[in-house]
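Please look over the sequence and the structure before reading on.

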Amino acid sequence: MESIQDGINGILRPIIQADMETICQIELECFPIEEAATPAQLMDRFNVASDLFLGYEINGKIVAFICGTRSNDNLLTFQSMYEHAANGKTLCIHALCVTSNFRRQGIASILLKHYIEYIKQAIPSISVINLIAHDYLIPFYEKAGFQCLGLSSVVQGKFSWYNCQMIL
Ligand SMILES: CC(C)(COP(=O)(O)OP(=O)(O)OC[C@H]1O[C@@H](n2cnc3c(N)ncnc32)[C@H](O)[C@@H]1OP(=O)(O)O)[C@@H](O)C(=O)NCCC(=O)NCCS
């Protein structure tokens, strides 16, 4: 996608290889170790689906990102965290991360909104977006247009995950 000025003070832009060290650091800052994707896992995702990474830059630094891969499953599965189906109809969002200094300023909401618009326009073969979330973030995703479909089959870390889905 093209870079976009968001109207506040950030720029939405594609993630490039040179950003990946920062992306790995943000992932580790944002998730407990048992939930975080490893740098190798993030690099694998980037290598097969760099078009499904979107960053948010302030003063020349990436402070937030969202990323996903494609799948043919109806819901986000454990397997879909490790595999990318190049023509899959489903987008699985694996991470939406904002570094702690920049939270509660609407950045995640902006990233998610632009990401969904970009997917709709650029990749019309994607018809479903899936993600998993802990209970306290379900209202955030519902406000963004997702529907909660109950407990996920994914077990990772200490707390339950819930399926959130948007049909495009
Ligand atoms: C969750 C996260 C992405 C939110 O980023 P953010 O930029 O602070 O989110 P926004 O400012 O767009 O939040 C919009 C609304 O979502 C809700 N929200 C945001 N963070 C929340 C939280 N931790 N708990 C409950 N509700 C939350 C609030 O209603 C908020 O509105 P408010 O600030 O007016 O109260 C960020 O806290 C983060 O990176 N957390 C660690 C990683 C993570 O859990 N990612 C999501 C799962 S993939």
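Is R104 buried or exposed? The model is a predicted one, and in it R104 is exposed, because 8 other C-beta atoms lie within 10 Å of its own, while a residue with 12 or fewer counts as exposed. R104 belongs to the loop between β5 and α3. Its phi is near 55°, which is a positive value in a residue other than glycine. Most residues other than glycine have a negative phi.

N59 is another non-glycine residue with a positive phi, about 50°. N59 sits in the loop between β3 and β4. With 8 C-beta neighbours inside 10 Å, N59 counts as exposed. The table sets out the two residues.

| Residue | Phi | Loop | C-beta atoms within 10 Å |
|---|---|---|---|
| N59 | about 50° | between β3 and β4 | 8 |

**The chain as a whole**

The chain contains four helices and eight strands. Their order along the sequence is β-β-α-α-β-β-β-α-β-α-β-β. For 168 residues, a compact globule would have a radius of gyration near 15 Å, and the chain agrees with this because its own value is 15 Å. Along the principal axes, the C-alpha atoms fill a box of roughly 40 × 35 × 30 Å. Of the 168 residues, 32% count as buried. Among contacts with a separation of 6 or more, 60% are between residues 24 or more positions apart.

**Strand β5 and its partners**

β5 covers residues 90-98. This strand is mostly covered, since nine of its nine residues are buried. β4 and β5 run antiparallel and are joined by eight bridges. In this pairing, R70 stands opposite L91 of β5. The pairing of β5 with β6 is parallel and has three bridges. Here T90 stands opposite V128 in β6.

In soluble globular proteins, nonpolar side chains tend to be buried together. The largest nonpolar core of this model has 40 residues, and those that touch the most other members are L54, Y56, A64, F65, I66, L96 and L111. Several elements give two or more residues to this core, among them α1 (20-30), α2 (39-49), β3 (53-58) and β4 (61-71). Which element gives the largest share of this core? That element is β5, with seven residues.

Beyond its neighbours within four places in sequence, Y56 is in contact with G10, L12, I62, V63, A64, F65, I107 and L111. A64, F65 and L111 are, like Y56, among the core residues that touch the most other members.

**Around the ligand**

How many residues surround the ligand? There are 17, and the closest are C30, R103, A108, S109 and F140. By class, this shell consists of twelve nonpolar, three polar and two charged residues. β5 and α3 (107-122) each supply at least two residues of the shell. β5 gives the most, with four residues.

Conventions:
Residues numbered from 1 in each chain as written. Predicted model: local features only at pLDDT ≥ 70, side-chain atom pairs only at ≥ 80, totals over all residues. Near = placed C-beta within 6 Å. Nonpolar A, V, L, I, M, F, W, Y, C, P; charged D, E, K, R; others polar. Core = buried A, V, L, I, M, F, W, Y, C linked by C-beta atoms within 7 Å. Buried ≥ 20, exposed ≤ 12 C-beta atoms within 10 Å, placed from the backbone. Contact = placed C-beta atoms within 7 Å. Rg over C-alpha atoms; globule rule 2.2 N^0.38 Å. Pairing = 2+ DSSP bridges.
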